[in-house]
Amino acid sequence: MNASTTNAALLEKDQAHMIHPLHHSGGHASGKVWVSAEGSYLIDADGNRYIDGLSCLWNVNAGHGRQELVNAATEQMQKMAFCSSYAGSSNIPAIELANKLSDICYPNINHFYFTSGGGEATDSNIKLARSYWKAKGKPQKTQVISRIWGYHGVTFAAMCATGIAGYWPAFAPGIPGFTHIPTPDQYRYPKPEDGSSAGIAAANELEKEILKQGAENVAMFIAEPVQGAGGVLLAPDDYFPRIREICDQYEVLLVADEVITGFGRTGKLFALEHYGIQPDLVQFAKAITSGYVPLGGIGITDEIATTLENADKPWMHAYTYSGHPTTCAVGLAMLDIIEKEDFSGQAESKGKYLLEKLHSALDGHPHVGDVRGKGMMCGVELVENRFSKELYPAEWGVAGKMTKAMINHGLFTRMRSEVVCIAPPITSSESTLDDLVAALRDSVVDVFGE
Ligand SMILES: Cc1ncc(COP(=O)(O)O)c(C=O)c1O
């Protein structure tokens, strides 16, 4: 190996000039420089192979090296790599993609606006919700309610909706008009003492917040059907139906952030299908192109689209890359794969397999508090005391120790503090899932003992 192409040499060059997302030079010092990838594996500059335990950033659902996606991008780039989609211009892949999405998304959602990623989708939905209420003659409805541990991106408005406090202080003050309610996390949300449902109690936190802000001031509630970056937090089954009722009662738009859960990851094409409800607005990104090119977007109901259509002024919201023909062509090719290879069915059955294996490898370990998952989206929460659910003190550094141990065992994924997040490509084989679980179990033993 040429000395200048080793992982260490490339990392030094990287650190000289590159600023990373969540930049932190110390944290990056033992970073990986990826040079190739195959299926469910990433290969670093020294030739080491790692299981891609999070599909990179919950997005490479189809695995690495899919020729169909490469071909779709190449063919479109050869024909016409880019054109504007501002009103007055359009292109065939964007038209086809919007039509296809209308066939497969929630039945009430038939109109789509494209972005380059998830954060832009959050901002687009916030701006759309506010402009919708203005068009409906309720201009004071501007407030955004979201959840603690919710992640909706880090563009400024998305950052304010994001409920992970570490993202805020360096950029304060936030935008006024954003508040957060507790997560319905099944592991930690307190069970009501009267024995009633924790799911209903957690949903009623939304009603309390709407009443506190005044329903006449609240535009929307945004939630991930399964909270991803916040640590794979699952709501009880009765939570979202009650959320839908509350949103209807107080005229608050329900926004489903399906940036991770969309396109099959949880075992349904869109994750609120698990609960038999539909949102008013949806947002997606990541899996729509399996991460091969950046694409996101929002989907809106016929009623909201008609209101927008009938407004007397243009909707002054735009991105250069909205409706990008190349990214939309890749999106279309990816939807084809999702359908032909039944990603929802695969995620459901492989997710069950993965969760069972995680339970049998980790349940009963004194420092494993919770093993949870829905489809191919799992979380393992590590605790100091399994019975009190107490966490290790931050200075003990669970995340750093575990990340290092997992790398030693050939598994690359991310932690949310003390939660190991697991979401390998939906196409992963059972033997890769077995290896993933074994690597995780060995890492837990390395860090915490048997
Ligand atoms: C649920 C959710 N929403 C929004 C985003 C932001 O997406 P992006 O990083 O593409 O801006 C993410 C990213 O992880 C996400 O998980």
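Which residues of S14 point one way, and which the other way? Cys378, Val380 and Leu382 sit on one side, Gly379 and Glu381 on the other, and all of them are buried (20 or more other C-beta atoms, placed from the backbone, within 10 Å of a residue's own). In a regular strand, side chains alternate between the two faces of the sheet.

A word on the model: it is a predicted one, with local features needing pLDDT of at least 70, side-chain atom pairs counting only at pLDDT 80 or more, and totals for chains, interfaces and linings using all residues. Numbering runs from 1 along each chain as its sequence is written.

Zooming out, the chain comes to 14 helices and 17 strands, taken as DSSP runs (H or I, at least four residues, for helices; E, at least two, for strands) and numbered from the N terminus. Its C-alpha atoms fill a box of roughly 65 × 65 × 40 Å along the principal axes. Of the 450 residues, 48% count as buried.

Back to S14, which covers residues 378-382. On one side, five bridges join S14 to S13 (residues 368-373), and the two run antiparallel; strands pair if DSSP finds at least two bridges between them. Valine 368 has leucine 382 as its bridge partner in S14. S13 and S14 make a hairpin with four residues between them, and glycine 375 in the turn has a positive phi of about 60°. S14 also pairs with S17 (residues 419-422), again antiparallel, through four bridges. Here cysteine 378 has isoleucine 422 as its bridge partner.

Notes. A residue is buried if 20 or more other C-beta atoms lie within 10 Å of its own, exposed if 12 or fewer, and partly exposed in between; C-beta atoms are placed from the backbone.
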